[in-house]
Structures are given as C-alpha cells and as structure tokens.
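Here is a short tour of a protein model and its ligand.

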Amino acid sequence: MTALISPATSSERAALTAYRKLLFSRNRDPFPLYAQLREQAPVLRSPLPNLLGGYVLSRHSDCSAALRNRALMPFSEDHLDRLMPNWRTRSASRLGYRSVLFQHQERHFEVRRTINPHFGRSKLAELRGFMTELAQRQVSELAELGASGRVVDLVDAITLPFPLGVICRLFGVDPRAARRFAWSGRTLSCFLEAVQTPALQRRVDEAADELVGFFTEPVRQRRREPGADLLSTLVRAADSGVLDERELLGNLLLLFTAGYDSSISFLGSAIRILLEHPQQAAIVRDDPDAASGAVDELLRYDPPVHMGGRIASQPVCLGGQEVPAGSPVWVLLGSANRDPAYVAEPDTVDVTRGSPSHLAFAAGPHTCVGARLARMEAEVLLPLLLRRFPRMRLAGEPTHRYPGTVLRGVDRLPVVLE
Ligand code: HEM
C-alpha cells in the first residue's frame, strides 16, 4: 500500500474530486475534468489506495518529461505484488505484465529490437498496397450494406475488420478465424484499465484464455515451420531463449490486440469527429495532402489511450514537486493533448494545424511500436471513406467503450451513408 496523503489545499481537494470522477464515473467527456486538474493541481497527490495512489500529471510539459524520464519505469513484478496482490493469479495480468510494455532498460531494449523491424519504414511500404486494397474492398462491401439508406454500424462493418485484417496479415493468421475472437481481444485490452470491477476482471481473464487457445495451433505450426511473419519472429525469440514462454504469450497477446484494438478506437473516434465537423471532413476529403496532418490532429483531439502508469524507481522532481521512490505516477495523455500551454484553442479541431508533439503514442522508450502503422491505416481509410460517401451522417448516439477511463473509443457507430 502507498502511504495515504491528505490533500493540503482547497484546490487540491477539488482536483481530487475531479480525479475520482474520472476514475469512478463513466465520463463521455473527460476533458472538462482534465482542464480542472491542469488548473487546480497539475501534479496531484492522490491518497487513493494501491495503484491509484501516487501522483497524477495533467500538463503536456510534465507528461512529456515524465514519459522520457528513465527513473520512471513500468510497474515491476515487485511493485505489482505490493500494489495489485491478485495479479499473478489472473490470466490476463500474468501474461500482460510480462510483455514489452512492462519491461525496462536492457530487457526492454532487447525485446523492442526483436519486434521493431516488423514496424520499420520498408516493411510498412510493403504493406501499403495490401492495406489500400483491403480498405477499397471493405468500403465497397460497406456500400452494399448501407444501400437504400439503411443504418450501418461502422465499427462492425469497417473500423474493426480493417485493422484486424492488417494485424492478421502481420501475424500471418486467418482473419476470418480471428474475427470470431475480435471482441475478446478488445475486452482483453481492458486489463490496462485503472479501475476494474470483479465482473470485468472475469471477462478480461476469459478473453485472455480464449486468445491463448486461438494462438495455440499457429504457435505450434511456426515451431515446425517458421516463416517471415511477426508470429514466427516471436516464436523464434522464444526458441532461442530471448523470451520465456510467458513472455512469448504476453507479447503475442499485447501486439495482436494493441495492433487492432487502439486502431478500432482511433478510426471510430476520427470518423465521429469528422462527421460532427463537416468543414474539417471536407478538407480531408478534397485535399490529397491533408490526411497526414489531419490524422495527427485527430489523435491529439481524442486519443484512444488516455492514461499511462509508471513507478518512480528513485526520488524524482516532476512539475516542481518531489516525488518519493516507489510512488505510482499517472500520466494523463488525453489531458496533455488539450493543454492550452501546448496548443492554442485546444478544444477546437483544426486538421490543418499539424500537431507534431501530441502524446497519443506516448513518448520516450515506450513510444508505441505501431505508431507508423496506425497512422498509415488512418491515412488510407479516412479519405477513401469520405470520398466514397460524401453525404455520410451519424444516425444515432455512438456506444462508448466500457469503462473507458484508460482506453477510450466507440464500440458502435451508427451511420447512414447517403
Ligand atoms: C491509433 C492507434 C494506437 C495508439 C493511439 C497507440 C497508443 C499507444 C500508447 C500510448 C502506448 C504507450 C503506453 C505507455 O507507455 O504506457 C503504446 C504502446 C504500445 N503499442 Fe500502441 N497504439 C496504437 C496502435 C498500435 C498498433 C497498431 C500496434 C501494433 C501493431 C501497437 C503496439 C504497441 C506496443 C507493442 C506498445 C508497447 C511499446 C513498449 O512498451 O515499448 N500499438 N501504444
């Protein structure tokens, strides 16, 4: 347990109330709470127990510095034993916490060196043609589904199958078989959520077991007959002793699910935002050079990952405050991206502004492996969709992801195409 600290000032007390709301109520719109945190206690000392205690950073400059600070590390097994006592008995956390996201220094570097080549420029250039064809095919199928003004769920029809198809190609697995487990992968990602009810924990663990089952045969097959795909690279790393068996499964599940889950969320939010801002959508539709800047602005405006957790391995100074060794530190990525000290009029979407140093993919050693891939997916899909369906409109309230604190996005996005 971390030591309980009482908030000292009325601003800190109000900010703590905002932080509790962020964690414990379902917030469709967390941005006003972020603004309150940035104003009232940008480095908030949280007296909440276990992992939720420690320090909460909400300014862009502090979040960016913290992510790059090597004294702040992912939760180690010792920290987890202290702060999340049941983690070893749960399928999802037992594997997830052995993945690259929770490794540090040399070990982290070694695993990144193993997987990075699959996400380098030349691999992605090879993938672009496949991605474009897949997007064109799925957009044509969407046109049939949405004929005669029928309401279509864009998540089911495109923002899920498109990135799933891409990650299956990288892994060399059959997308039709994977489709049966696609929602389990999305549930599994919730092992990263800050607050999980026992029911959610159960679902997350069942999802982990299902996905391990799905990959059992492909892993065996790669052991017999290795290829050039990402799964073969992971299996080879396990067979040559770079990864142990839990690390193999942990990395496999993380890469596979992060590889499409964050993209489902991003593509869904991006389309929703563009449909709510028709002038911005028109720029992406009509200007062939606008897509890349637009993708960064949409990532800035509402990223799929809103929080990242670290532990101070030694005393550090964050935003002018001394943070003792052993304290959890929460970096509010979604808040950093809307900090007026970082970008003017942060609550306005402007796809022409370019948002180069947003933190949607984090920063520092754990910067997202798939950032280029995810950007490319959006650059291919968004203009295609807007050009094919220039009169597409929302046809009801989107269903937001549950619980939606760390990972935000829509699970259902009803639209009419024409
Ligand atoms: C729009 C889509 C995506 C977003 C916004 C996103 C965001 C992030 C963020 C914020 C982190 C760092 C978390 C932290 O430091 O606590 C991260 C890490 C990671 N992401 Fe992504 N991601 C996306 C897509 C992808 C894709 C497509 C893949 C893989 C195919 C991927 C694989 C990973 C992996 C393996 C890590 C761990 C990196 C490490 O610890 O070194 N992500 N992602």
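The count comes to one cavity of 30 Å³ or more, where a cavity is a set of points on a 1 Å grid over the protein atoms alone at which a 1.4 Å probe fits but cannot get out. The largest cavity holds about 60 Å³ of space, the volume being that filled by probe spheres set on points joined across faces, edges and corners.

This is a predicted model, in which local features need pLDDT of at least 70, side-chain atom pairs count only at pLDDT 80 or more, and totals for chains, interfaces and linings use all residues. Residues are numbered from 1 along each chain as its sequence is written, and side-chain values use heavy atoms, with hydrogens and water left out.

Among the residues lining the largest cavity are Leu22, Tyr34, His306, Pro403 and Arg408; lining residues have an atom within 4 Å of a point.

Pro403 also has a backbone feature: a cis peptide bond joins Tyr402 to Pro403. Glu345 has a positive phi although it is not a glycine. Most residues other than glycine have a negative phi, and most peptide bonds are trans.

| Backbone feature | Value |
|---|---|
| Tyr402-Pro403, omega | about -5° |
| Glu345, phi | about 45° |

Which protein atom is the donor to the iron atom of the ligand? The single donor from the protein is Cys368 (SG), 2.3 Å away; donors are N, O and S atoms within 2.8 Å of the metal (3.2 Å for Na, K and Ca), and sites may look incomplete because water is not among the atoms. Cys368 lies in the loop between helix H17 (333-336) and helix H18 (371-388), and Glu345 is also in the loop between H17 and H18. Helices are DSSP runs (H or I, at least four residues) numbered from the N terminus.

Notes. Helix = DSSP H or I, 4+ residues; strand = E, 2+ residues; numbered from the N terminus. 1 Å grid on protein atoms, 1.4 Å probe; cavity = no way out; pocket = protein on both sides within 12 Å on 5 of 7 lines; lining within 4 Å.
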